[in-house]
Amino acid sequence: MTSLLEVDGLHVWFDLPRTAHQHGNQVHAVKGVSFELQPGERFGLVGESGCGKTTTILALMGLLPSNASLAGEVRLDGTNILAGGEDSVRAFRWKDIAMVFQGAMNALNPVKKVGWQIAEPMAFHGVAEGTAARKRAGELLELVGIPARSAERYPHEFSGGMRQRAAIAMALACEPKILLADEPTTALDVMVQAQILELLTRLSDELGLSVILVTHDLPVVAQMCDRAAVMYAGEIAEAGPMEALYHDPQHPYTRMLFAATPDLSGEQAVTSIPGSPPRLDREITGCPFRQRCDVPIDRCEVEHPSLRYIASGHLAACHRAGAHRDELAGTM
Amino acid sequence: MSEIEQALVPAPRPEATVPAPAPGIAAAPEQPGTAVPLLEVVDLVTHYAVRRGLIEAAARRPRRWVHAVDGISFSLQRGEMLALVGESGCGKTSTVQTILGMVKPSSGAIRLNGTDIAGLADRQMRPMRRIVQMIYQDPYESLDPRFTVRQTVEEPMLVYGIGASRDGRESLIVSALEQAGLTPAEMYLDRYPHELSGGQRQRVAIAASLVLGPKLLLADEPVSMLDVSVRAGVLSLLDSLRKDTDMGILMITHDLSTAAHFADKIAVMYLGRIVELGSAADVVRNPQHPYTKALLSVVPKRDPRDRQAAQILTGETPDPVDVPSGCRFHPRCPVAVDRCRVEDPQLREPAAAAAGQLAACHLA
């Protein structure tokens, strides 16, 4: 079975401006990321700020800034959408892959009516125009839980949660197969966050929409996604079914990230991860996580661990994964 | 000695011990044998006037008010951490700003060590502010980018005239930084905020408040801007500070998991009122108010197997200008009855609740 979306060895570099101190430096922000997405699947991309998760999905949308260069393949239904460089993505953008941006609720145009803003991409991509587009904008608003008549209102008349819903409606305007959601609930209150997550789950179930959820919030992914990839320093550290990641983590980073997240039960101690991620403008030898790892071995100093299968559908980039499985599980 | 200065008991200690780094000495209760809480808030009301337009003013339309804080009472003991939990617009930040004197309360009392500081003039508030310090949400915004760590931590001492000499201040800066977990402090003194990570910046902000030897720390979402991996470290720091120095901490958070882990008591606010108040364990395990129950049900769990039906409330917090009649939660309440529409419930101890756990609900 071919996947809906296959990301294969994606690399992204950013050129840094020349300064008095450094010349011609590059930041290697995404280092060979590969994953697959099935139709109707909800996939989580988790990690701390600077781990490359947003850069990865901006690459899928062809929306990286001009100082970025990239390598690798992104296949949509078997077609490499990066074949013609970033420009070739344009044909697929919004029509096949759409995105809800971080802080999207603050990205609406304040002087245009909400309905107009939802209809605009439809006209641009030739999906619908005029009355038909306006009618469809109303339907989309209803779909995300806003009365259709609100299409005649301006963004400032909407609450934060409603603006976020409108941004989702806009992303759905051209009936995409894949929705990329970058921290869709970060600035929202818990109750509104729950409403938006329920909406995304319902849309994915009802429309068969595949969703990639990018977030730093592990519990949100645990509740919403089927599978997830944990990213660290531009690489995937571990990927697999959500249950395996929580109950049988193979990479120390995954385990420590869960341990750093407070849970309502309040019973387990919450421990932070010492240190900070490595700089990505320098060559990293060995394992990028080794300075923060609680179980490093000599091999981690010299050899970069590659992502390998530990179990069916469960990958980890750790020298100790699998072999020391019981020992690692015991420390949870 | 004025009334205000009495609130500052004990009087400022000699220079060398001002930051109270030695837990053994500082952990002793300030006033042994007295039951006066560190902070006592009684029926606090903070309303903001809604600006009237020229026509409305000319027509003598009645002034309208934002009921930001609408009669709340709680107390905080030394060494205790109380979490104020609620959605945005519920009045938790207004509460803290009123305690800090940044906003004048409309009525009610704020007793610090037994002395009412509500609505004091700015000059009288000044000595009080030394013992009530604030940690802000965003350490990327709250630190001056042109100040080194040394300057940032030194500034409050210059304002309050602490530390006679440069060397004296330097040793206080070093001990405050180390108390905030930035060791060795010498490594950080000459750095600028842009050279620090988010967690380190928040620790610098904490150090800058510790040099004054505060008795009460107000923390407004102290970790929500930080990366997940360092949040626990900053929260553990606050936790150990209050235990070691007997400082009381009032923490604003929207994250019930954090409150459950680190706070002793939780106060759940809705539309300017405390709707539930009790020990963190009681509120989380045995919530009495339907709003608390709903809030708890939507907290995402870490375990993907633990997916339970969230009780999602529709809509958002109503406008605090037009507060609903009766129980202000009734329009969103899943179990509201007729009585809730007319009668405003008071905070009381429900029969099914633990001792000291209060809820404002007719049905609890």
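Hi everyone. Two strands count as paired if DSSP finds at least two bridges between them.

Let's begin with chain A. It has 10 helices and 12 strands. The radius of gyration of chain A is 21 Å, close to the 20 Å from the globule rule for 332 residues, so chain A is as compact as a globular protein of that length. Along the principal axes, its C-alpha atoms fill a box of roughly 65 × 50 × 45 Å. Of the 332 residues, 51% count as buried. Now take the contacts in chain A with a separation of 6 or more: 63% of them come from residues 24 or more positions apart.

Next, the place where the chains touch.

Over to chain B, with a word of caution. Its mean pLDDT is 87, and 91% of its residues reach 70 or more. In residues 10–33 of chain B, though, the pLDDT is below 50, and this stretch has 33 contacts in the model beyond near neighbours in sequence. Where pLDDT is low, the predicted coordinates should not be read in detail.

Now for the inside. In soluble globular proteins, nonpolar side chains tend to be buried together. Here the largest nonpolar core has 211 residues, and A:Ile212, B:Ala207 and B:Val268 touch the most other members. If we leave aside neighbours within four places in sequence, the contacts of A:Ile212 include A:Leu37, A:Phe43, A:Leu45 and A:Ile57. A:Ile178, A:Leu180 and A:Ala181 are also among them.

Let's follow B:Val268, which sits in strand S9 of chain B. Why is S9(B) described as largely enclosed by the rest of the structure? Because 6 of its 6 residues are buried. In a regular strand the side chains alternate between the two faces of the sheet. In S9(B), B:Lys265, B:Ala267 and B:Met269 lie on one side, B:Ile266, B:Val268 and B:Tyr270 on the other, and all are buried.

Here is where our opening definition comes in. Strand S3 (residues 81–85) of chain B runs parallel to S9(B), joined by 4 bridges. In this part of the model, B:Val85 stands opposite B:Val268. S9(B) also pairs with S10(B), in the antiparallel sense, over 6 bridges. B:Tyr270 has B:Arg273 in S10(B) as its bridge partner. The hairpin of these two strands has 2 residues between them, and B:Leu271 takes a positive phi near 50 degrees.

One last stop: helix H13 (residues 290–297) of chain B. It is largely enclosed by the rest of the structure, because 6 of its 8 residues are buried. Those buried residues are B:Pro290, B:Tyr291, B:Thr292, B:Ala294, B:Leu295 and B:Leu296. What covers them? The cover includes H5 of chain A, along with H11 (256–262), S9 (265–270), S10 (273–279) and H12 (280–285) of chain B.

Methods:
Residues are numbered from 1 along each chain as its sequence is written. Chains are lettered from A and ligands numbered from 1 in the order in which they are written. This is a predicted model: local features need pLDDT of at least 70, side-chain atom pairs count only at pLDDT 80 or more; totals for chains, interfaces and linings use all residues. The radius of gyration is taken over C-alpha atoms; the globule rule is 2.2 Å times the number of residues to the power 0.38. A residue is buried if 20 or more other C-beta atoms lie within 10 Å of its own, exposed if 12 or fewer, and partly exposed in between; C-beta atoms are placed from the backbone. Two residues are in contact if their C-beta atoms, placed from the backbone, lie within 7 Å. pLDDT is the predictor's confidence in each residue, from 0 to 100. A nonpolar core is a set of buried Ala, Val, Leu, Ile, Met, Phe, Trp, Tyr and Cys residues joined through C-beta atoms within 7 Å.
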